[in-house]
Amino acid sequence: MRKNAKRLSCRARQSVCKLLLCVFAMLLFAGVFPQTASSMAGVSTVQDIRVGLKSKFAGKQSITIYNTNVELGYCDGRKYSRETVLSSETGVIVTPEKSAFYTIDGEYTLAKAEVLADELTDEGAKAYAVMLAPGKAGIYVPVTENGGTGAKALQVLETAAKKCKVTPVRTEQTSAYLIRLTAGERVLFADGTEGYYPQFGATQRDEDGIYAVDLGPCSYRGRMEIGRYGGKSTLTAVNVVPLEEYLYGVVPCEMPASWHTEALKAQAVCARSYALIKAGYHAETDVKRGFRMVDTVQSQVYGGTTYEHARSNAAVDATKGETLCYENRTVTGYYCSGSGGHTENVEDVWGFAVPYLQGVPDIYETNPSKKPWSVKLSKDELTRLLRSEGKDVGTVKKVMQEVVTSSGRVTSLRIVGSLGSVRLATDALRNVLELASTKFRVYDSDSVPDRVTIQGASGTREAAIHDCYVISGDGTVQSADGLTKQYVVLSADNMESFPRYAPEAGEYLFAGMGHGHGVGMSQSGAYGMAEAGFDYKEILEHYFTGISVR
């Protein structure tokens, strides 16, 4: 992937009035007027979603924002307001402050709080102006200022507060965050007071013309919230970003930007539908959790502006606002890397039935991005994997496929050992055994792996694949013997994988195809359909039964 985000220029309007409005908008975004993309007070954030940057910026003792100028503000409900601007040649470092503070009662603007904090500092009690909530600031004084005891600090503070006519002083020990700048340190905001965490936004465009918050390894559109969520002592960065701009950083991470435009459009609609349902809410802060979406495969892979590409951005723009709809409602756009020839009924994977998530043939997935696979596991390796999940059956004696769906996925696998047996089902099976999908066959040393049933003019018969001949798409006929270690057999509505050789004694061979859960759209299948001439709506209507795109 390459960083290549370019804003589309505004097309000429037919009327002079529209042209003038367009020019005004261009001047606004170019920075001619004193407002940035995120700094306007009371900006509605109704289309913002919250993404926890779990892959790189979670569980941190500190988080650095490398922009030399950032604004700091709060989101109150669904309206964001800027409170102040921070400037530093080395960026802004946010760290949880471990010490405690006395607080002075009263509600102040940030400017008034800074004046009072300076006056208290002049009187011998080091004080900080601290933001508590949108438009509301307070004053904090460290309990152990200058190495003194808590009682001494309190005495100094009370004396100084009286001289400054600031009373009373509360003795509760309140925690806070410390922001480090080039010129020193400032305690700038309270630790989640009234459910608010600060949000940082870029005040200047980057080299690609984007207002992006630079966290070092990656940069992100929108704003960056930093807080301690779920009672943890460490910091996590949460990207608060408009939905369409979020998709710019998702589509090229989930599907190669070099793929056919119609496949990219299908991916954009799926990702948009998924995000709208899974995010659950927009820009309001949830202190106990903070976010429902993350930037990993647990939700959707999201790389920010660093991974954006002009082709995938264009696919997002071309489908702006479009979602998968079933009975006039937006529904979740599940997708996987590859189905292995047939997608799966959702009830056979996650146990709940949904009419639009039913398995369909995936016959255009003939050149998947992730190929058929095989995994050998010895009895000892199986024992280790089971024990790591708290399932100990002793020495493995037998592995049995109990339930197999019509598409060839194993939904129940039983492993029998010297101390008992255990049943692994659906996604748990895939995760415990570290397999790419549940569409596989299990073979042991007694198996005859490459035998298939052949239907001809005179009926059906069994044959070994290596004794058969293969006719390719261009009509070439050749012996299957020696072609590969693993065969893929294509029928009218499915594909099956067969290994050529059985494993050695004491080993089990899992020979499969497909990558992921198999529900919804197959990305490799979408690629194949697009190359075959289908448009993105036809692709989506194939994979999601009874939906419309709108």
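Reply: The chain's secondary structure comes to twelve helices and 34 strands; helices (H or I, at least four residues) and strands (E, at least two) are DSSP runs, numbered from the N terminus. The model is predicted, so local features need pLDDT of at least 70 and side-chain atom pairs count only at pLDDT 80 or more, while totals for chains, interfaces and linings use all residues. Residues are numbered from 1 along each chain as its sequence is written, and side-chain values use heavy atoms, with hydrogens and water left out.

The part to look at is helix α12, residues 536-543. At its start, a side-chain oxygen of Asp-535 reaches to within 3.1 Å of the backbone nitrogen of Lys-537.

Within α12, Tyr-536, Ile-539, Leu-540 and Tyr-543 are buried, meaning under 20% relative accessible area with a 1.4 Å probe, protein chains only. These four lie on the same side of α12, because they cover an arc of only 90 degrees around the axis, taken from the directions from the helix axis to the C-beta atoms. An α-helix has 3.6 residues a turn, so residues three or four places apart point the same way.

The cover over these buried residues includes α6 (261-279), β18 (324-326) and α11 (523-531). In α11, Gly-525, Ala-526, Met-529 and Ala-530 meet Glu-538, Ile-539, His-542 and Tyr-543 of α12; contact means heavy atoms within 4.5 Å.

The axes of α11 and α12 come within 10 Å and cross at roughly 135 degrees, which makes α11 oblique to α12. Axes are lines fitted to C-alpha atoms, for helices over the stretch in contact, and angles run from 0 to 180 degrees between N-to-C directions. Oblique is what remains once angles under 35 degrees (roughly parallel), over 145 (roughly antiparallel) and 65 to 115 (roughly perpendicular) are set aside.

Note on methods
Buried means under 20% relative accessible area, exposed over 50%, partly exposed in between (1.4 Å probe, protein chains only). A polar contact is a pair of N or O atoms within 3.5 Å; within protein, one must be able to donate a hydrogen and the other to accept it, and residues adjacent in sequence count only if both atoms are side-chain atoms.
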